[in-house]
Amino acid sequence: MKVRITQKSEAKQPLPETLSVMTRYNLQDAVNRSNPRSFLLLLQQQSPYWLLNGRTFEMEAVADNETVKLNTLEVWEFDNQPGTGGMMETAHPMHLHALQFQVIERTVRPDMAAIRDQVSAGFTDEGWKDTVLVMPGEKIKFLAKFENYAGLYLYHCHNLEHEDQGMMRNYRITA
Ligand SMILES: [Cu+2]
């Protein structure tokens, strides 16, 4: 690609006087506050390699733990555990369709903390997220509100090789 600059401009974009206000969700308001809906991110040694709670992609099917109620706040957890049989560990940028969510807690296995700590200075969990990087050995809890629309939505790893190898599922919001 070639960029040819033909004109000088003095146009400036002023910063807004105030930034938008973010309202934090409260764990106490989650319908499953003491029992997070947990998703295990795991590699196995044969295809489909990358699984969510031991399941691969299905076009329309949803499991019991992939069904939520419209207009509820829930706490979810992505749990990135080492693969079986000494398979490699890797990070998963996990993405939900339909909404943005708020990260409330990260924990890491002590024996894998050093891997996480290589990048943890870059974590920005204060704002809205639609994707969260789950490092090897890490568990991330977040609050998500299923509002406005019922229907079938994807959640998946945003690493293309992983989602193409099965790390993508549907969840259903029921009215
Ligand atoms: Cu992944």
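Two residues are in contact if their C-beta atoms, placed from the backbone, lie within 7 Å. The close-up views below are taken from a predicted model.

View 1. Apart from residues up to four places away in sequence, Ala 144 touches Glu 74, Trp 76, Leu 96, Leu 99 and Phe 101. The residue belongs to strand 8, which spans residues 138-146. Ala 144 has 23 other C-beta atoms within 10 Å and is therefore buried, the threshold for that class being 20 or more. Ile 5 lies 139 residues from Ala 144 in sequence, and the C-alpha atoms of the two are 45 Å apart in space.

**View 2. The largest nonpolar core.** This core comprises 27 residues, and those with the most contacts inside it are Phe 78, Val 134, Phe 142, Leu 143 and Ala 144. At least two core residues come from each of strand 1, strand 2, strand 4, strand 5, strand 7, strand 8, strand 9 and strand 10 (168-174). Strand 8 contributes the most, with five residues. In soluble globular proteins, nonpolar side chains tend to be buried together.

**View 3. Strand 7 and its pairing with strand 5.** Strand 7 (residues 131-134) carries Val 132 and Val 134 on its covered face, while Thr 131 and Leu 133 form the uncovered one. Four bridges join strand 7 to strand 5 (residues 92-96) in the antiparallel sense. Within this pairing, Leu 133 of strand 7 is the bridge partner of Pro 93.

View 4. Between Ser 47 and Pro 48 the peptide bond is cis, with omega near 0°. Pro 48 is placed in the loop that links strand 1 (37-43) and strand 2 (50-52). Most residues other than glycine have a negative phi, and most peptide bonds are trans.

**View 5. Asn 71, a residue with positive phi.** Although Asn 71 is not a glycine, its phi is positive, at about 65°. Asn 71 is located in the loop between strand 3 (67-69) and strand 4 (72-80). This asparagine counts as exposed because 12 other C-beta atoms lie within 10 Å, and the exposed class covers 12 or fewer.

View 6. Asn 148 is found in the loop between strand 8 and strand 9 (151-157). Here too the residue is not a glycine, yet Asn 148 has a positive phi of about 80°. Asn 148 has 10 C-beta neighbours inside 10 Å, so this residue is classed as exposed.

Notes
Residues are numbered from 1 along each chain as its sequence is written. This is a predicted model: local features need pLDDT of at least 70, side-chain atom pairs count only at pLDDT 80 or more; totals for chains, interfaces and linings use all residues. Two strands pair if DSSP finds at least two bridges between them. A nonpolar core is a set of buried Ala, Val, Leu, Ile, Met, Phe, Trp, Tyr and Cys residues joined through C-beta atoms within 7 Å.
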